[in-house]
Amino acid sequence: MREPKRIQRLPHFRGLPVPSTLVVEDGVPDFTTPDHDKVAEHVRRGLCHLCGERLRREVGFVGGVVSMNTGMFRDGPMHLECARYAFFACPFVDGQKTTYRRLREDRVIAHRQATPHRPEHMGIWVCDWSTTLGSGPRMQFIAGPAIRVEWDCELWRRFGDG
Ligand SMILES: [Zn+2]
């Protein structure tokens with residue numbers, strides 16, 4: 001999936017867009033660590049948690065099956081196009097902090113393992129409001145009722161080749 005215009009406008013580090021909520025130290029972004037002050041600021045001003053621009057009415061939350069059952073998320077609301085982009089190009093969280101994972105079709109369905117034997121589906125919860133619970137590193141997002149959920153297999157069909 002190509003970078004949406006909003007993502008293209010973000011600063012880039014080694015060719016990768018730097019989400020507006022990340023910790024950046026000496027010009028080097030830590031792709032695994034959100035800056036909690038920035039996150040709080042995004043919540044207060046109603047900004048997209050990926051590109052940092054103002055959200056419109058319809059927003060997307062990226063999460064696994066548990067989130068899709070509870071409507072609770074660790075990551076904040078995004079523009080739909082930003083959520084779709086994040087879905088296809090999410091950073092490694094296993095030490096290779098400056099590398100984005102490019103999903104292959106055979107991995108997209110099972111790219112996050114709940115246990116070694118039980119793959120977890122991912123989806124985008126689309127809604128038009130949300131609120132937060134807790135603060136700092138424990139902040140969670142409670143999404144409004146889902147208008148729809150875009151599942152990994154459907155997202156791959158629609159956007160996987162672009
Ligand atoms: Zn955005």
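I take a residue as buried under 20% relative accessible area, exposed over 50%, and partly exposed in between. With that cut-off in hand I opened the model, which is predicted.

**Entry 1. Overall make-up**

I began with the secondary structure and found 6 helices and 14 strands in the protein. Of the 162 residues, 43% are buried. I then looked up the accessible surface, which comes to about 9,200 Å², with 50% of that belonging to carbon and sulfur atoms. For contacts with a separation of 6 or more, I noted that 56% are between residues 24 or more positions apart.

**Entry 2. Nonpolar cores**

Which residues touch the most other members of the largest nonpolar core? I found Phe 61, Met 78 and Ile 124, in a core of 32 residues. Two or more residues of this core come from each of strand 5 (59-64), helix 4 (80-88), strand 11 (122-127), strand 13 (140-143) and helix 6 (152-159). Helix 4 gives the most, with 7 residues.

I counted 12 salt bridges in total. Side chains of opposite charge can pair when their charged atoms come close.

I started from Glu 58, which forms a salt bridge with Arg 148, the closest N and O atoms being 3.7 Å apart. This pair links distant parts of the chain, 90 residues apart. Glu 58 lies in the loop between helix 2 (36-45) and strand 5, and Arg 148 lies in strand 14 (residues 148-151).

Next I looked at Glu 150, whose side chain meets that of Arg 148 in a salt bridge (3.2 Å, N to O). Glu 150 has a relative accessible area of 1% and is therefore buried. Glu 150 forms a salt bridge with Arg 158 too, the closest N and O atoms being 3.8 Å apart. At 46% relative accessibility, Arg 158 is partly exposed.

I then asked which residues are linked in this network of salt bridges. They are Glu 58, Arg 84, Arg 148, Glu 150, Glu 154 and Arg 158.

**Entry 3. Helix 6**

I looked up the buried residues of helix 6 and listed Asp 152, Leu 155, Trp 156 and Phe 159. Around the axis these four cover an arc of only 100 degrees, so they are on the same side of helix 6.

In what order do the strands of the open sheet run? I read the order as 6-13-12, with antiparallel pairing of the 3 strands. Strand 6 (72-73) and strand 12 (130-133) are the edge strands, each pairing on one side only.

I checked the pairing of strand 6 with strand 13, which is antiparallel over 2 bridges. For Met 72, I found the bridge partner Ile 142 in strand 13.

Note on methods:
Residues numbered from 1 in each chain as written. Predicted model: local features only at pLDDT ≥ 70, side-chain atom pairs only at ≥ 80, totals over all residues. Heavy atoms only, no water. Buried < 20%, exposed > 50% of the residue type's maximum accessible area, 1.4 Å probe, protein only. Contact = heavy atoms within 4.5 Å. Areas by Shrake-Rupley, 256 points an atom, 1.4 Å probe, with all protein chains shown as cover. Core = buried A, V, L, I, M, F, W, Y, C linked by side-chain atoms within 4.5 Å. Salt bridge = Lys/Arg side-chain N within 4 Å of Asp/Glu carboxyl O. Arc of directions from axis to C-beta. Pairing = 2+ DSSP bridges.
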